[in-house]
Amino acid sequence: STENIEAADAKNRIMRVPVKRAFVSVRNIRIFTHRRQARNSIHTTATCIPIPRAYSPVIERLKTLPEVAEALKLDAGAATPLLERSVDIFRSVGPEEYRAVVMLLARAQGMNGDHEKCVSTLTDLHRLVETSEDEADSSSDFVDISFALSKALWNAGRFGEAAIISETHRKASTTSIDQSIPSAACILRSKSFVNLSNVSFLMQALLNDGEPDDNKKEFILSEFRDAVSQLHNTIYDASSECYFTPNDRIGLGVAYVASLNNLAVAEVCFDSQSLDSNDSSVSGASSWLKALVILDSLPVKEHQGEITEIIHDQYMQASDLIQFVRAQIMLNLSSSLLSSAKNADTPKIPHHDKDNLRDSSGYAGDALKILEQLVIKFPLLNASLGRALGLLGANYKLAGSAVTAEGLFQSSLDKLDGTVLKASSPLSIFDKCIILMRLSDLYMDWEKREKDAELLLSSADSLRSSELPRSWPVTELSRSWLMSNEVTSGLQIWSAQDVL
């Protein structure tokens, strides 16, 4: 069967990194041993607000208003006041124009790190559309606004509220109005709520509920497994080729991979796998390896349709989207393998700890190469690039190459600075905190660097309390929690518009 073939391929890829290469080479990676050198050498490009794809035609018309036209040229912080004025102007013009400019304002607020303001903006719009009798306020608009609100609540750390909205929509019909056969867009819209509901439950369990009991863990994992199973059945149904285009199959495939990824993250966080000495594996690895096999099978060359949007930046071709998701999977594999290498005395390690360290380095290096190319076109992917550099630095630190590790950590911190950190998911703040702690640990072993180490730890603590939205349970985000749940920064939240 297709599933058995995928599983066999995944198993063969476990030892993907060649034995001859003990570590990924850093000769072609630009690293900096001094923070000032890094700041003077790398310039983060300010990124304009991406237009919500569903509202592109309307916003094109709105560019006749100087405030809108100017806002679309600026970064999120500078654009927000102009868009607030635009909202006031269009409040009485027409429902379609008003919804479009409000969605644009909400996106700017989110990209500026103002997640509570984003929630407030979308809540008002959600209430307005929900109670409207105007035919222009279509059900698809209401669903899209509901998803945006649910995601904004998640970013704000209000996981319970995000789960409630997602649960309301997750059982929505996947059958389009004019067809008896489900369309890819309808399926993906429904499954995006399922995914967001699941990651909401996961974060709520990890942060708000203390140590979840085994029953709660198993319930959450079963929800992730169901999401994976449903998407698998949709894609590999014998009749699906009759009504899914290559474009549809790419969108469904990316959603399937994201679901596998989130299942793997949950497995790692809960450490749920039952392992024995004869058939042991790194937690989450089988799902991630299967995800890489699926990405290789997607029909990218056949895809000649519209460009595809990615959450954080401009518009991304399908081939770029697949490469970005591939890099994210590789970073999660690297993180899990690194954790295993650090705890090589535990029975869950399949190989010698040096093998896990080698594989972790290989995946981080491969992801880094992909992201270095993508970031040229999509500057906000610097957040992912920073994570890749940080993971590679952690591998070198564990291998004893302290100077190389320091340079990689410093480059990583530079990538996760300023505008990029604000515009990314709050989980990127976790990445930066972890890198600060690892660099601090490195300095603790050096002569006359103890004060630097203490300052870095203080910076990590300050970052959690000052940069995370106020609804995030900062007191629960201890240093040990961050290190134990590092892979949570690899969770993927997607919408139908992101993958189609």
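The largest nonpolar core of this predicted model has 154 residues; such a core is a set of buried Ala, Val, Leu, Ile, Met, Phe, Trp, Tyr and Cys residues joined through side-chain atoms within 4.5 Å. Buried means under 20% relative accessible area, with a 1.4 Å probe and protein chains only. Leu83, Trp154, Met203 and Trp472 have the most contacts inside this core. Its largest share, 15 residues, comes from helix 13 (residues 246-270), where helices are DSSP runs (H or I, at least four residues) numbered from the N terminus.

Local features need pLDDT of at least 70 and side-chain atom pairs pLDDT 80 or more, while totals for chains, interfaces and linings use all residues. Residues are numbered from 1 along each chain, and side-chain values use heavy atoms, without hydrogens and water.

Trp154 touches (heavy atoms within 4.5 Å) residues including Phe159, Leu196, Met203, Trp472 and Ile493, not counting residues up to four places away in sequence. Asp144 lies in helix 8 (residues 139-155). Asp144 counts as buried because its relative accessibility is 16%. With the sequence exclusion of up to four places, Asp144 touches Ala54, Arg189 and Gln497.

Elsewhere, two helices pack as a pair. The axes of helix 17 (residues 382-399) and helix 18 (residues 402-415) come within 8 Å and cross at roughly 165 degrees; axes are lines fitted to C-alpha atoms over the stretch in contact, with angles from 0 to 180 degrees between N-to-C directions. The two helices are therefore roughly antiparallel, a term for angles over 145 degrees.

How values were computed:
Buried < 20%, exposed > 50% of the residue type's maximum accessible area, 1.4 Å probe, protein only. Parallel < 35°, antiparallel > 145°, perpendicular 65-115°, else oblique.
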